[in-house]
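Subject: Structure handover

Hello,

Here is the structure I promised to pass on. Please open it beside this email and follow along.

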Amino acid sequence: ATDFSWLPQVWQAFPQHRVLLLTDGNGYPPKAILPSGRKRTSAVLLQVRRNLPQNLEQIEATIASFASSFVHVDTLSELASAWALLIPRRMQ
């Protein structure tokens, strides 16, 4: 299982950055979840529906506790479009 306890350190070290995670999502949320950090964190859940269908609800709940958005990717060919969905466009 993945331990996401390092996320608060990333949020504090890079306060102006978006955090994009590529994960199977099967893990433990950080103990301290900063609302400002959660707001700028997104996740791509790689092959969770296929590999861990029995844990799908728990994984989604865990990821939603520290990421404001997530998308499922079932095949690697969907990866580029998933990143595009999660990376916000800059204002011109």
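Phenylalanine 4 is in contact with Leu21, Thr23, Gly25, Gly27, Tyr28, Pro29, Pro30, Ile63 and Phe66, leaving aside its neighbours within four places in sequence. Contact here means heavy atoms within 4.5 Å.

Before you go on, two notes on the source. This is a predicted model, where local features need pLDDT of at least 70 and side-chain atom pairs count only at pLDDT 80 or more, while totals for chains, interfaces and linings use all residues. Residues are numbered from 1 along each chain as its sequence is written, and side-chain values use heavy atoms, with hydrogens and water left out.

Now the core. The largest nonpolar core has 13 residues, and Phe4, Leu7, Leu21, Ile59, Ile63 and Phe66 touch the most other members. A nonpolar core is a set of buried Ala, Val, Leu, Ile, Met, Phe, Trp, Tyr and Cys residues joined through side-chain atoms within 4.5 Å. Buried means under 20% relative accessible area, exposed means over 50%, and partly exposed lies in between (1.4 Å probe, protein chains only). Helix 1 (7-13), strand 2, strand 4 and helix 4 each supply at least two residues of this core. Helix 4 gives the most, with three residues. Another core lies apart from it, with six residues, among them Val44, Val71, Val73 and Leu79.

**The chain as a whole**

The protein chain has five helices and five strands. Both are DSSP runs, numbered from the N terminus: helices are H or I with at least four residues, strands are E with at least two. The pattern along the sequence is β-α-β-β-α-β-α-α-β-α.

How does the radius of gyration agree with that of a compact globule? With 92 residues, such a globule would have a value near 12 Å, and the protein chain has 13 Å, which agrees. That radius is taken over C-alpha atoms, and the globule rule is 2.2 Å times the number of residues to the power 0.38. Along its principal axes, the C-alpha trace spans about 35 × 35 × 15 Å. Of the 92 residues, 34% count as buried. Take the contacts with a separation of 6 or more: residues 24 or more positions apart account for 60% of them.

Three strands form an open sheet in the order 2-4-5, with parallel pairing. Strand 2 and strand 5 (69-73) stand at the edges with a single partner strand each, so one side of each is left without a neighbour in the sheet. Neighbouring strands are turned by 15° against each other on average, direction ignored. Axes are lines fitted to C-alpha atoms, for helices over the stretch in contact, and angles run from 0 to 180 degrees between N-to-C directions.

Strand 2 and strand 4 (residues 41-46) run parallel and are joined by five bridges. Two strands pair if DSSP finds at least two bridges between them. Leucine 21 has alanine 43 as its bridge partner in strand 4. Leucine 20 stands opposite serine 42 in strand 4.

In a regular strand the side chains alternate between the two faces of the sheet.

Helix 4 (residues 56-66) lies across strand 2, strand 4 and strand 5, and runs at about 145° to strand 5.

Threonine 23 lies in strand 2. Is threonine 23 buried or exposed? Threonine 23 is buried, with a relative accessible area of 8%. Its side chain reaches the backbone nitrogen of glycine 25 at 2.8 Å. Not counting residues up to four places away in sequence, threonine 23 touches Phe4, Val44, Leu45, Leu46 and Ile63.

Glutamate 60 lies in helix 4. Glutamate 60 is partly exposed, at 24% relative accessible area. A polar contact of 2.7 Å joins its side chain to that of histidine 72. A polar contact is a pair of N or O atoms within 3.5 Å; within protein, one must be able to donate a hydrogen and the other to accept it, and residues adjacent in sequence count only if both atoms are side-chain atoms.

Glutamine 47 sits in the loop between strand 4 and helix 3 (48-51). Glutamine 47 has a positive phi of about 55°, although it is not a glycine.

Best wishes
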